[in-house]
Amino acid sequence: MASLAIFRALRNRRFSLISPSAIPYSRSIFKLISTLILGEHEGGFLKPSTLSAVSAASSFGKDNSISILLGGSGSDLQKAALHAASTHPVISQVLVADANILMHPLAEPWADLVHLLQKKGAYSYIISASSSFGKNVLPRAAAILDVSPITDVIEISEPYLFVRPIYAGNALCTVRYTGLEPCMVTIRSTSFPPPSIPTAVESSAAPISQVDLSTFYKETGGKSRWLKLTSQETDRPDLGNARIIVTGGRGLKSAENFKLLDKLAEKLGAAVGATRAAVDANFVPNDLQVGQTGKIVAPELYMAFGVSGAIQHLAGMRDSKVIVAVNKDPDAPIFQVADYGLVADLFEAIPELIEKLPEKK
Ligand SMILES: Cc1cc2nc3c(=O)[nH]c(=O)nc-3n(C[C@H](O)[C@H](O)[C@H](O)COP(=O)(O)OP(=O)(O)OC[C@H]3O[C@@H](n4cnc5c(N)ncnc54)[C@H](O)[C@@H]3O)c2cc1C
């Protein structure tokens, strides 16, 4: 009987000596773990979200060789490479891809670059922050490499076991990666605080290597073209990393009224956020949108004015340490997640707050 079963299995090819789930583990026995981080930089410095990716990459194991890839051109790129090299001792090397085509976050050339580096480096993991850049580039690179990416990870329980939110953050899903290398992951930066920087790291700065792009230009080419970047000049903190955020919803009623929030943000040294309804009504540009289809934030203080608290909005801010809501409707769902709630007209509450708060030094 047993031999008959074996014969049938052989005929049907339904057997495997190494189960697919064992592949990543069996490989790691023979090979050191290596991780490629798709780095983002601005003004000659790594973005905090990339530092969060470094924190996440450190969870893959002690013998993990972590490389940061930086692309672009000019002095800012070289400065950012120096910054990356001396940022943290866990970084083994910085790879610099110096090419004009990589100055802008276009998915096609970046995904081709990741493909090129994977062919050379055979990384165990490729990781990026779940930023617009990471969400754009990493899935495309994963498709070229024929692996399934795991996106928006908030916890790395074991080297191939990840936790990620689903249903707009209302449930958490634990995913085991059972595919081939590289295991490609985007992480939610608010869940991985940047690593604390030990003193005297400069002496152990990681080596910086230039990526050989001689074959890259032949392979790359895309259907999209960079046109322009439109952004608001502001001294305020970046929405993604701000310690305090004041958010306005449809209750603010107009773009003009949003200036009230600007004044409050100035007093508090806060960033301004908005709901999708406020963005769709053209009160503010869409880079201020917080939520499932906007930015995910987790500041120390989140103040919501005229925001109803739809689940898609909560998905982007429910991890904030302290939530304050001002709404004239006592039944607004935002009060269910708020630590402090005020049932009031925002057009009275905001001016009063501005008046009573001390001037920011
Ligand atoms: C697929 C999908 C993705 C989405 N993604 C997002 C997302 O990323 N982010 C997001 O925010 N939304 C998102 N939405 C939209 C979401 O469902 C809600 O429509 C939106 O969040 C509502 O915005 P709001 O709270 O500003 O407006 P409303 O729901 O209209 O609420 C306005 C609130 O203001 C209060 N108010 C009015 N006047 C005053 C006043 N004078 N004083 C005090 N309070 C006042 C009202 O009582 C009300 O509670 C998404 C929806 C879908 C379907």
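Trainee: At what angle do helix α8 and helix α12 pack, and how far apart are their axes?

Mentor: Helix α8 (residues 255-268) and helix α12 (residues 346-356) pack at an angle of about 30 degrees, and their axes are 10 Å apart. Axes are lines fitted to C-alpha atoms, for helices over the stretch in contact, and angles run from 0 to 180 degrees between N-to-C directions. Helices (H or I, at least four residues) and strands (E, at least two) are DSSP runs, numbered from the N terminus. Please keep in mind that this is a predicted model: local features need pLDDT of at least 70, side-chain atom pairs count only at pLDDT 80 or more, and totals for chains, interfaces and linings use all residues. Residues are numbered from 1 along each chain as its sequence is written.

Trainee: What makes α8 roughly parallel to α12?

Mentor: Angles under 35 degrees count as roughly parallel, over 145 as roughly antiparallel, 65 to 115 as roughly perpendicular and the rest as oblique. The angle is about 30 degrees, so α8 is roughly parallel to α12.

Trainee: Which residues of α8 and α12 meet?

Mentor: From α8 they are L260, L261, K263, L264 and K267, and from α12 they are I350, L353 and I354. Contact here requires C-beta atoms, placed from the backbone, within 7 Å. By class, this contact has 6 nonpolar, no polar and 2 charged residues. Ala, Val, Leu, Ile, Met, Phe, Trp, Tyr, Cys and Pro count as nonpolar, Asp, Glu, Lys and Arg as charged, and the others, Gly among them, as polar.

Trainee: What does α8 lie across?

Mentor: α8 lies across β13 (244-248), β14 and β15 (301-305), and runs at about 170 degrees to β13. Those strands belong to an open sheet of 5 strands with parallel pairing, in the order β14-β13-β15-β16-β17. The edge strands, each pairing on one side only, are β14 (271-274) and β17 (340-343). The twist from one strand to the next averages 15 degrees.

Trainee: How do you know that β16 and β17 pair?

Mentor: Two strands pair if DSSP finds at least two bridges between them. Strand β16 (residues 322-327) and β17 run parallel and are joined by 4 bridges, with N327 opposite V343 in β17.

Trainee: Why are β8 and β10 said to stand at the edges of their sheet?

Mentor: That open sheet has 3 strands in the order β8-β9-β10, with antiparallel pairing. β8 (155-158) and β10 (171-176) each have a single partner strand, so one side of each is left without a neighbour in the sheet. β8 and strand β9 (residues 161-166) pair over 3 bridges, and E155 has V163 in β9 as its bridge partner.

Trainee: Why does Q78 count as partly exposed?

Mentor: A residue is buried if 20 or more other C-beta atoms lie within 10 Å of its own, exposed if 12 or fewer, and partly exposed in between; C-beta atoms are placed from the backbone. Q78 has 16 such neighbours, so Q78 counts as partly exposed. Q78 sits in helix α4 (residues 75-85).

Trainee: What makes strand β6 mostly covered?

Mentor: In β6 (residues 125-129), 5 of its 5 residues are buried. Y125, I127 and A129 lie on one side, I126 and S128 on the other. Side chains in a regular strand alternate between the two faces of the sheet. β6 runs parallel to strand β11 (residues 183-187), joined by 5 bridges.

Methods. Contact = placed C-beta atoms within 7 Å.
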